Amino acid sequence: MTYTTLDKARALLVMRYPFWATIVLNTEIRIGAEFHGQPNPTACTDGRVIVINQAFLDTLTVPKTVFLLAHEAGHIAMHHALRVGSRNRELWNIAGDYALNWLLKEDGLEFIEGGLLDPKYSDSAEANYDKLLQAAKDGKLPQNGGIGADLIDPQLTEAEAQELTQRAQALVAQAATMARLQGKLSAGLERMVGEILSPRLPWQDMLREFMVSVIQIDESWARRNRRYETYMPNRFSTALDSVGVIVDTSGSIGGEELTTMLAEVRAIAETTCPAVMNIMCADSCVLTDQTIEAGEEFKVEVKGGGGTDMREPLAKMAEHAPRVVILLTDGYTPWPDCEPDYPLIVCCTTDAPVPVGRVVRI
């Protein structure tokens with residue numbers, strides 16, 4: 001039997017890098033020179049599938065193929081294809097590549113020359129993006145453009161994106177368990193796993209990603225970047241026409257948590273400037289259902305203290321047909337069996353499992 005470079009790379013991943021191996025072995029790998037109608041000179045992913053150009057693969061040794069597979073698996077694990085938001089897609093791809101390559105290099109994988117590697121950009125994709133955006137404005141973008149754009153827009157609905165995110169999180173949890181059992185989960189990987197499974201992103205970032213995918217954004221494109229042949233956005237509107245907010249006021253919510261939640265509700269109003277906010281307070285049932293329009297006094301009527309069941313308020317909120325709903329809870333509640341009919345962001349004050357929506361820990 002003849003083993004290909006790809007076969008040998010998979011075997012080496014299993015022996016030395018169980019975290020990356022778990023993700024790679026649970027991901028479909030295709031060979032092709034294009035994907036979603038776009039050229040694929042090296043390798044790419046849409047968060048579901050890894051596609052590798054055979055001509056590029058033929059130039060790599062087995063250890064470098066291991067790096068390539070782990071790199072694309074990292075994009076899947078970190079949801080990079082789904083987290084572009086209002087950012088420039090090309091610059092976001094570069095920011096993610098920098099973050100992943102540094103992590104893989106630290107993990108002992110053999111780097112592919114020509115890729116993006118710089119200690120200046122060894123932070124998260126979000127932090128790297130902010131640095132790159134500033135460098136672009138200053139005309140000081142790094143000269144090394146890497147070995148090709150490898151993040152493909154998966155073109156998913158909000159429900160499909162949520163399902164894909166949850167699948168990736170489950171895969172990361174499985175991969176981390178396998179690596180820990182073998183004593184091969186490095187500090188860098190441990191940190192990355194924590195950020196994926198218990199993200200500490202501001203809800204504003206989650207909302208921004210939603211706005212770009214569902215509603216039109218008023219962007220002002222100022223000046224062209226000649227190296228990347230694109231334009232950098234200066235600003236975007238943060239106005240939404242309607243936002244639904246559900247506040248968990250059950251007996252399990254302490255005074256400090258409730259104060260935090262109400263502060264977040266006010267911040268949502270101030271940041272998104274919605275035309276209408278529908279605000280519910282609920283414990284095991286809906287206790288208050290307020291509608292606050294733009295320009296009206298912002299005052300939330302708080303009632304609660306009983307048991308917890310967020311299924312009723314989540315179902316009732318659909319009557320308002322909101323563009324997005326934000327649920328603030330401690331997570332200790334029965335959950336619906338499927339995603340609601342609207343995009344849902346769950347801001348959770350604990351590490352309780354949350355099986356629906358996009359989850360952010362506050």
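Which residue follows helix 5 with a positive phi? The residue is G108, whose phi is near 95°.

The structure is a predicted model, in which local features need pLDDT of at least 70 and side-chain atom pairs count only at pLDDT 80 or more, while totals for chains, interfaces and linings use all residues. Residues are numbered from 1 along each chain as its sequence is written, and side-chain values use heavy atoms, with hydrogens and water left out.

Helix 5 covers residues 89-106. Its 18 residues should span 26 Å at 1.5 Å a residue, and the end C-alpha atoms are 26 Å apart, which agrees; the expected span of a helix is 1.5 Å times one less than its number of residues. Of the 18 residues, 13 are buried, so helix 5 is largely enclosed by the rest of the structure. Buried means under 20% relative accessible area, exposed means over 50%, and partly exposed lies in between, with a 1.4 Å probe and protein chains only. At the N-terminal end, N88 caps helix 5, with a side-chain oxygen 3.2 Å from the backbone nitrogen of E90. A polar contact is a pair of N or O atoms within 3.5 Å; within protein, one must be able to donate a hydrogen and the other to accept it, and residues adjacent in sequence count only if both atoms are side-chain atoms.

An open sheet is formed by three strands in the order 1-5-4, with mixed pairing. Strand 1 (28-31) and strand 4 (43-45) stand at the edges with a single partner strand each, so one side of each has no neighbour in the sheet. On average, neighbouring strands of this sheet are turned by 20° against each other, direction ignored. The axes used for such angles are lines fitted to C-alpha atoms, for helices over the stretch in contact, and angles run from 0 to 180 degrees between N-to-C directions. Two strands pair if DSSP finds at least two bridges between them.

Strand 5 (residues 49-52) pairs with strand 1 in the parallel sense over four bridges. Across this pairing, R30 has V51 as its bridge partner, and I31 stands opposite I52. Strand 4 and strand 5 run antiparallel and are joined by three bridges, with I50 in strand 5 as the bridge partner of T45. The hairpin of strand 4 and strand 5 has three residues between the strands, and there G47 takes a positive phi near 95°. In a regular strand the side chains alternate between the two faces of the sheet. In strand 5, V49 and V51 point one way and I50 and I52 the other way, and all are buried.

T45 lies in strand 4 and counts as buried, at 0% relative accessibility. The side chain of T45 reaches the backbone nitrogen of G47 at 3.0 Å. A polar atom of the T45 side chain also lies 2.8 Å from the backbone oxygen of V49. Not counting residues up to four places away in sequence, T45 touches F35, I50, E72, H75, I76, D150, L151 and I152, where contact means heavy atoms within 4.5 Å.

P18 is found in helix 2 (residues 18-25) and is buried, with a relative accessible area of 4%. With neighbours within four places in sequence left aside, P18 is in contact with L13, M178, A179, Q182 and K184. The C-alpha atoms of P18 and L181 are 9.5 Å apart in space, although the two residues are 163 residues apart in sequence.

S284 lies in the loop between strand 9 (276-282) and strand 10 (286-293). At 37% relative accessibility, S284 counts as partly exposed. Beyond its neighbours within four places in sequence, S284 is in contact with G307, T308, D309 and E312. A C-alpha separation of 7.2 Å is found between S284 and S250, 34 residues apart along the chain.

The structure holds zero disulfides, a disulfide being a pair of cysteine sulfur atoms within 2.5 Å. For C347, the closest cysteine sulfur is that of C348, and at 9.1 Å the two are too far apart for a bond. C347 is buried, with a relative accessible area of 1%, whereas C285 counts as partly exposed at 28% relative accessibility.

Note on methods:
Helix = DSSP H or I, 4+ residues; strand = E, 2+ residues; numbered from the N terminus.
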